[in-house]
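Hello,

Here is the structure I promised to pass on. Please have a look at it first, and then read my notes below.

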Amino acid sequence: MNYPILPLLFLLALPLQAQDLSVELIQQKRLEIAPGQYSGITHVSEDIYAVVHDKAVGGGIFFFTIGCNEDGTIGPVTAFETDAGGPGGLDNEDIVYVPETKTLFVSAEGDQSIREYYLNGAPTGRRMQVPSPLLSPKANAGFEALAYCDGTFWTTTESPLPGETLHRLQSFRLSSLKSGKSWNYRAEKPSVPAAEAASAQAYVFGISALTALPDGRLLVLEREVYVPKGSVLDMLKSFTSSSLFLIDPLHDDSPELKKTLLTHFYTSFMNIANFEGMCLGPILPDGRQTLLLLADSQDGSQGLTGEYLWVLALDIR
């Protein structure tokens, strides 16, 4: 997802507690790595995470080392790009690691594909058989999110398909790479009127990431980014809004998936943080599950911002 970005000055996370669910912000960390457009992240093994860069010309698959302390905080982070020379220009947006095959699957917004890659970044030649309706999304609003757990993948387009009001949450089977069941998901309504969004310097709205829990439930990240055109005073109206929801597609047969709000992040006053990467981290000694959120800095936006990683602790047992 491309958008102009403004300086990151401060971030506010609003912890919520409902139905014995709780989320705590453990750490907000600025990474001392080269700026990029990192749009997806997945845990591979121990302190190794695979990250996808949506504009890198060499295929865009990186590996990060992210060590986690017992309190959930992380230490120094290193990053390097794979050198297998996978296909470029696909606008890769999300990535998942599949333990059964020891391979990576990457969702690409450029051609609405989900391709498989070896751990060295080389394509295996296999890809998902995407249903034809999902091949024609709204412009720049295609496959932004991908999740995997226990033989099942989930994806959806960033915005509903043309002429539709609900997102299609689509599943795929690892065994066949064919599509399976789909569900209807309703995102929250945008807070910015359509006319203002259309005239903005930058505006994005929709689902930016999915993460699967071990029991098959899914975390859904919805976000809205608004940067108006105009003077400095107009820019003061800039904000980002991200909400994390919990859904249970495997046990929910309702016409629209029921969802529970876990937490909400709000940024304002010219501080833009577009969270596009999300994955599970280690389990803490107290039993809580860590969740890592990665912001797309748009290559650092000429030095105005940097690469940020958030660590959340989830108590959703």
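**Salt bridges and their surroundings**

Arg 288 counts as buried, because its relative accessibility is 17% (buried means under 20% relative accessible area, exposed over 50%, partly exposed in between, with a 1.4 Å probe and protein chains only). Its salt-bridge partner is Asp 286, with N and O 2.9 Å apart; a salt bridge here is a side-chain nitrogen of Lys or Arg within 4 Å of a carboxyl oxygen of Asp or Glu. Asp 286 itself is partly exposed, at 44%. Salt bridges with shared partners also link Glu 144, Glu 158, Arg 223 and Glu 276 into one network.

A word on the source: this is a predicted model, in which local features need pLDDT of at least 70 and side-chain atom pairs count only at pLDDT 80 or more, while totals for chains, interfaces and linings use all residues. Residues are numbered from 1 along each chain as its sequence is written, and side-chain values use heavy atoms, leaving out hydrogens and water.

The salt-bridge count comes to 14. One of them joins Asp 111 and Arg 115 at 2.9 Å, N to O; Asp 111 is partly exposed at 30% relative accessibility, whereas Arg 115 is buried at 17%. Another pairs Arg 168 with Glu 164, with the closest N and O atoms 2.6 Å apart. Here Arg 168 is partly exposed at 28%, and Glu 164 is partly exposed at 27%.

Four strands make an open, antiparallel sheet in the order 12-13-14-15. (Strands are DSSP runs of E, at least two residues, and helices are runs of H or I, at least four, numbered from the N terminus; two strands pair if DSSP finds at least two bridges between them.) Strand 12 (143-149) and strand 15 (179-185) are at the edges with a single partner strand each, so one side of each has no neighbour in the sheet. Inside the sheet, strand 13 (residues 152-157) and strand 14 (residues 167-173) pair over four bridges. Trp 154 has Ser 171 in strand 14 as its bridge partner.

**Two more residues to look at**

Glu 222 sits in strand 17 (residues 218-227) and is buried, at 5%. Its side chain makes a polar contact of 2.9 Å with that of Lys 259 (a pair of N or O atoms within 3.5 Å; within protein, one must be able to donate a hydrogen and the other to accept it, and residues adjacent in sequence count only if both atoms are side-chain atoms). Leu 261 is in strand 19 (residues 260-268) and is partly exposed at 34%.

Best wishes
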